[in-house]
Amino acid sequence: MSEVRLESVIKAYDKKRVIDGIDLTIKDKEFIVLVGSSGCGKSTILRMIAGLEEISGGNIYIGDKKVNNVHPKDRDIAFVFQSYALYPHMTVYENIAFGLKMRKVDKDIIDQKVKEAAEILNLTEYLDRKPKQLSGGQRQRVALGRAIVRNPQVFLMDEPLSNLDAKLRVQMRAEIKKLHEKLQTTFIYVTHDQTEALTMGDRIVILDKGKIQQVDTPLNIYNNPQNKFVAGFIGSPQMNFIDCKIVNDTLIMTEPVVELNHQVADKLAGKDEITVGIRPEFMVNPAGKIKLKVKTEMTELLGSEQIAYFSIGTNKCCAKLNTEFLIEDEIELSFDENNFLYFDKITGERLA
C-alpha cells in the first residue's frame, strides 16, 4: 500500500512558515497534482515527502510508516527533478542502471530491469547513446527510466516538463499518464501549469502561501471553486470578477441591474457588496437574459476562438468568441445569472 499522509505539517525558515500546518491524504495508486504560483510551497512539500527537507512540525506517513526521521534512500520513493540530472559521460543504459549498481543489485537483475524500463519508455534503441545525442523528451524519459527500475512505492515529480517546448510537453503529459496506468503506483506531481494539472491529475491540490485552498477533481475545481483565489487561478483566460452592490435583493453592476432570485437572495442575506465571478465562455450566451454592449480594448486570436478584452465599470473582463473582432469594435454580451458565482468581497470565500 502506497498511501501518503501529511498531518499538520509545518515548514519554517527563521520562524517564518512557508508551509502552514497542512493536512493531506494521497490515496494508494492515485495521480495527484500540487499546483500553485511560484513560492506557494508546492516543491517544498514534495521535498519534505522525499526527506530532502526536514519538517518543522507534524507527521508524514508513507504507507503505514511514519518517515519523519527516515533517510531519503530508505523511504522507498523515486524523485524526478526538473533538470534531467543525467551523467553526460554515461550511456542511457548506464544512467538508468546507476541507482541499482550503487545498491549492489545483481547484474542480471539490473539488466532485466533496465531493458523492461527501456521498453516501457520506447528507449530500447537508444540504450548505447550518451545524453547529448538525445532530444529533451528522450532525456526526460531516461530520467523516468532511472526512477522506474527502483520499483518505488511513490513517484515524486517536480515540474519535469518545464524545460520542454510546448508540443513536446503535450506529448510527455500523455506519456506520463500512460506510465501511471501501467505501473499502478502513487504519483505526486508538482507544476505551476494549470493545463498540466487539469489534464493529468485524478485530483488537484491548489496551494497559496503555504496553505491548501482546495483539493478536488479537476472538473469540480473548475466548476465549483471554494474561493476567489481558486476561481481565478484555474481557467484560461481567468474568470471575470465584477464588484457589485446589493440593494433590495437587486444585484447592481455598473450596468445592467440584475434582480436576484429569492433563493440566491436568501443565501446572500446581510451582504451589501459582493464580487460576482463569471467564466469567459459564459459571457456570450444566445439564451442569456442579461444584455450588455461593450467596446473591445484588446483581442487575442486563438485559431477557432478569439478572446476579447473590455471593461465593465472599473472591472477588466474578457469573453471567448467564435467570431473575429477588432480593437474598439462594439460587441454585445449576453449572459445569465445562472452562471454567476458569488464571492465575499473582503475574504474572497464562496457564497451561495
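Predicted model: local features only at pLDDT ≥ 70, side-chain atom pairs only at ≥ 80, totals over all residues.
Leu333 sits in strand E19, which covers residues 330-335. If we leave aside the neighbours within four places in sequence, Leu333 is in contact with Met283, Val284, Ile290, Lys291 and Leu292, and also with Val294, Phe310, Ile312 and Ala319. To give a sense of distance, the C-alpha atom of Leu333 is separated by 55 Å from that of Asp64, a residue 269 places away along the chain.

Now let me step back to the chain as a whole. The protein chain has 352 residues, and buried residues make up 49% of them. Its secondary structure comes to nine helices and 21 strands, and the C-alpha trace spans about 75 × 45 × 35 Å along its principal axes. When we take the contacts between residues at least 6 apart in sequence, 67% of them join residues that are at least 24 apart. The accessible surface comes to about 17,800 Å², with 47% of that belonging to carbon and sulfur atoms. As for charge, there are 48 positive and 50 negative charges, and their mean positions lie 7 Å apart.

Let me move to the interior. As a general point, nonpolar side chains in soluble globular proteins tend to be buried together. In this model the largest nonpolar core has 44 residues, and those with the most contacts inside it are Ile96, Leu144, Met157, Ile176 and Tyr189. Helix H4, residues 136-148, gives the most to this core, with five residues.

Not counting residues up to four places away in sequence, Thr44 touches Lys11, Tyr13, Val18 and Ile19.

Next come the aromatic rings. A pair of such rings is described by two things, the distance of the centres and the angle of the planes. A search of the whole structure finds nine aromatic pairs. In one of them, Phe229 and Phe233 are stacked, at 5.8 Å centre to centre and with 15 degrees between the planes. Both of these residues lie in helix H8, residues 228-233, where they are four residues apart, about one turn of the helix. Phe229 is partly exposed, with a relative accessible area of 27%, whereas Phe233 is buried, at 17%. Phe340 and Tyr342 give us an edge-to-face pair, because their ring centres are 6.2 Å apart and their planes stand at 75 degrees. Both Phe340 and Tyr342 are buried.

Finally, a few points about the backbone. In general, most peptide bonds are trans, and most residues other than glycine have a negative phi. Against that background, the peptide bond from Ser236 to Pro237 is cis, with omega near -5 degrees, and Pro237 is found in the loop between H8 and strand E11, residues 240-247. Asn151, which is not a glycine, has a positive phi, near 50 degrees. The place of Gln184 is in the loop between helix H5, residues 166-183, and strand E8, residues 186-191, and at 44% relative accessibility Gln184 counts as partly exposed.

Terms used
Residues numbered from 1 in each chain as written. Heavy atoms only, no water. Helix = DSSP H or I, 4+ residues; strand = E, 2+ residues; numbered from the N terminus. Buried < 20%, exposed > 50% of the residue type's maximum accessible area, 1.4 Å probe, protein only. Contact = heavy atoms within 4.5 Å. Areas by Shrake-Rupley, 256 points an atom, 1.4 Å probe, with all protein chains shown as cover. Lys, Arg positive; Asp, Glu negative; His and termini not counted. Charge placed at Lys NZ, Arg CZ, Asp CG, Glu CD. Core = buried A, V, L, I, M, F, W, Y, C linked by side-chain atoms within 4.5 Å. Phe/Tyr/Trp six-rings, centres within 6.5 Å; stacked < 30°, edge-to-face > 60°.
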